[in-house]
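Work through the exercises below with the structure open. Each task is followed by a solution in steps.

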Amino acid sequence: MNAAKRYDMFVRFRAANPSPKTELEYTSPFELLIAVLLSAQSTDVGVNKATRKLYPVANTPAAILALGLDELTDYIRTIGLYKTKAKNVMATCRMLVELHGGEVPRERASLEALPGVGRKTANVVMNTAFGEPTMAVDTHIFRVSNRTGLAPGKTVEIVEQKLLKFVPKEFLHDAHHWLILHGRYTCMARKPLCWNCMQRDLCDYKAKTPAPDGV
């Protein structure tokens, strides 16, 4: 995909969805951090169901520490890997209280030092909570980037660096959300909706899915 096609792709994304948002529900950087931490190998829908019960009771590091591991585990037990995630959330809350005054740090190194927080989670928090032009590459973005030819690469790290290089700067802040939503609802893994895709004529994917009978 050349530069002109990349630009046109994001013009279309912006026209269709001028202010894209994460589907995780949150009201503070801390709530977002915990939601993203919980979302690993889980759906946003599942995480939201759990945090809708958790956050009214405890939505600060100190409050979750006061809640304790057993009670926290009860709130998130419907989420995959909940036992490990509960331990990571508790350890993260302890570090936030002891090292950062209970606030979520804005710096990548400090975020990635938190238990259970990797580069992808740090990128989401930096982008969504603090407005940094970062690119969190999840399975959806990795697939869309490779399938369309937008930023092909064999690893997440390569795709991330290519996206940061190739996505026009005016779109970089929102590109993460557009690409995730596109991968989640149109450019799905098994049967992408190529026949109903706004990027069909720009996309390099050769095996485009035809429209179902009667459509």
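This is a predicted model: local features need pLDDT of at least 70, side-chain atom pairs count only at pLDDT 80 or more; totals for chains, interfaces and linings use all residues.

**Exercise 1.** Decide whether V89 is buried or exposed, and find what V89 touches.

Solution. 
- Start with the location: V89 belongs to helix α6, which covers residues 82-100.
- Next take the relative accessible area of V89, which is 1%. Buried means under 20%, so V89 is buried.
- Then list the contacts, leaving out residues up to four places away in sequence: V89 touches I34, L37, L38, I64 and L72.
- Finally, look at F10, 79 residues from V89 along the chain; the C-alpha atoms of V89 and F10 are separated by 35 Å.

**Exercise 2.** Describe the largest pocket: its volume and its lining.

Solution. 
- The volume of the largest pocket is about 540 Å³.
- Its lining consists of 28 residues, and S39, D44, K120, D138 and R184 lie nearest the centre.
- Sort the lining by type: nine residues are nonpolar, 13 polar and six charged.
- Assign the lining to helices: α2, α3, α8, α9 and α11 each supply at least two residues. The most comes from α11, with six residues.

Methods:
Residues are numbered from 1 along each chain as its sequence is written. Side-chain values use heavy atoms; hydrogens and water are left out. Helices (H or I, at least four residues) and strands (E, at least two) are DSSP runs, numbered from the N terminus. Buried means under 20% relative accessible area, exposed over 50%, partly exposed in between (1.4 Å probe, protein chains only). Contact means heavy atoms within 4.5 Å. On a 1 Å grid over the protein atoms alone, a cavity is a set of points where a 1.4 Å probe fits but cannot get out, and a pocket is an open set with protein on both sides within 12 Å along at least five of seven lines; lining residues have an atom within 4 Å of a point. Grid points are joined across faces, edges and corners, and a volume is the space filled by probe spheres set on the points. Ala, Val, Leu, Ile, Met, Phe, Trp, Tyr, Cys and Pro count as nonpolar, Asp, Glu, Lys and Arg as charged, and the others, Gly among them, as polar.
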